[in-house]
Amino acid sequence: MQVVSSISALRSLIGQWKNDGNSVGFVPTMGNLHDGHLSLVKQAKDNTQKVIVSIFVNPMQFGENEDLDAYPRTLDQDKAKLTDVGADAVFLPSVEDMYPGGLKQQTFVEVPDISHVLCGASRPGHFRGVATVVTKLFNMVQPDAAFFGEKDFQQLQVIRTMVQDLSMPIAIHGVPTAREDSGLAMSSRNGYLSKEERLVAPELFAAMSGLGESLKKGEYLFTELAQNTARRLNEAGFVTDYVKIVNTKTLQPAVVGDKSVVILVAAYLGTTRLIDNLPVVL
Ligand code: AMP
C-alpha cells in the first residue's frame, strides 16, 4: 500500500492511476479504523479499480468543547488494517496543508436545512466542517466514487445533497452499519466507554429496534413512540439527546403516509455521545 502525505504526491499518484485507465474509489475517515471502516474499503474495492483511504482528524467539524485532542490516533494499526484489506493507498494530509490560512479565514461549504436539524442542532457548525473538508478532499483526490457509512445517516444525506447541488461528478455509495454481536454500532468513540458503560451501550440498538417493530406493526403516534424510547434509554442509564422518527430523504418529522422513515438516536453514556439509526420501510 502506498502512503502519501503531500497534496502533490497525491495528485501524481492519482494522475498515474487515471492515465492507466483505472477508476478511483475514495473512503474518507478520521482513522482509528474498525470493521465498519473496512467494510467501506471492501465495498470500494468491489466497485472501483483503485481504492484510496484518507485519514484526517478534521478540526473544523469539532465544536470547542468536543473531543478533538482526545480523539484516538492509531496510525500504525490503521495502516496494517488497510494493507490487510487491500487498499491501494492511504492519504495522510496535515492540518497545515488542509487549512493553510487557518480555520478562521477558510472558505466553507454549507448545505442548508438538513445541516441544522438533529446532530446539526446539537453540534452547531459540525456539518459545515464536514461538507467543507469533504469538498476539499474530493478536489484533491478527484475520485469517481466515494463511500460513506449509513451509521452517520445525516452526514450521508448532507454529502448526497452537496454533491447534487454543486454538480460534483462523484457517485456516492452508502454502506450499511457494521455492528458488534451485541447490536452496538461500531464506532471509534466506543473506545471511550468504561467497562460498565459497555454493558449498557447495546441497549441503544435494542430500544431502537423495539421502536422499529412498533412502526412496522402500524403504530403511528410518532412523537409519543419516540418519547417512550427516550424514556427507556434514560432508565437504562443514557442521557438522551434525541430520538426522532423522520422522513428518510428530508429528515423532517415523519408524517402518517410516509413510506420510508428512519429512526435517529443520539444519547450520552457518561461523557460519550453515541449515535445510531435504523431505516424502516412502512
Ligand atoms: P469516521 O472515521 O468516524 O469519520 O468515519 C469514516 C466513515 O466510516 C464514515 O463514512 C462513517 O459513516 C463510516 N463508519 C463509521 N462507523 C461505521 C460503521 N459502524 N459501519 C459502517 N460505516 C461506518
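Leaving aside its neighbours within four places in sequence, which residues is G237 in contact with?

1. Basis of the note. This is a predicted model, in which local features need pLDDT of at least 70 and side-chain atom pairs count only at pLDDT 80 or more, while totals for chains, interfaces and linings use all residues. Residues are numbered from 1 along each chain as its sequence is written, and side-chain values use heavy atoms, with hydrogens and water left out.

2. Overall fold. The chain holds 10 helices and nine strands, where helices (H or I, at least four residues) and strands (E, at least two) are DSSP runs numbered from the N terminus. Its radius of gyration is 19 Å, close to the 19 Å that the globule rule gives for 282 residues, so the chain is as compact as a globular protein of that length; the radius is taken over C-alpha atoms, and the rule is 2.2 Å times the number of residues to the power 0.38. Along its principal axes the C-alpha trace spans about 55 × 40 × 40 Å.

3. Among contacts (heavy atoms within 4.5 Å) between residues at least 6 apart in sequence, 71% join residues at least 24 apart.

4. Charges. The chain has 26 positive and 31 negative charges, and their mean positions are 2 Å apart. Lys and Arg count as positive and Asp and Glu as negative, whereas His and the chain ends are not counted; the place of a charge is NZ of Lys, CZ of Arg, CG of Asp or CD of Glu.

5. Aromatic pairs. Rings of Phe, Tyr and Trp (its six-membered ring) pair if their centres lie within 6.5 Å, and planes under 30 degrees apart count as stacked, over 60 as edge-to-face and the rest as tilted; by this rule there are four aromatic pairs. One of them joins F56 and Y99 in a tilted arrangement, 6.3 Å centre to centre with 50° between the planes. This pair links distant parts of the chain, since F56 lies in the loop between β3 (50-55) and α3 (75-85) and Y99 in the loop between α4 (95-98) and α5 (119-122), 43 residues apart. F56 and Y99 are both buried. F62 and Y71 form an edge-to-face pair, 5.8 Å centre to centre with 80° between the planes, and F62 and Y71 are likewise buried.

6. The loop between β2 and α2. M30 lies in this loop and, at 16% relative accessibility, counts as buried. Leaving aside neighbours within four places in sequence, M30 is in contact with I55, F56, V57, N58, Q61, F62 and Y71. The C-alpha atoms of M30 and P72 are separated by 9.1 Å, although these residues are 42 apart along the chain. N32 is found in the loop between β2 (24-29) and α2 (35-47), and its phi is near 55°, a positive value in a residue other than glycine; N32 is buried, with a relative accessible area of 19%.

7. At 10% relative accessibility, L118 counts as buried.

8. The opening question. G237 is found in the loop between α10 (222-236) and β7 (239-247), and is partly exposed, with a relative accessible area of 43%. Leaving aside its neighbours within four places in sequence, G237 is in contact with Y268 and L269. By contrast, G237 and K217 are 20 residues apart in sequence and 28 Å apart in space, C-alpha to C-alpha.

Methods. Buried < 20%, exposed > 50% of the residue type's maximum accessible area, 1.4 Å probe, protein only.
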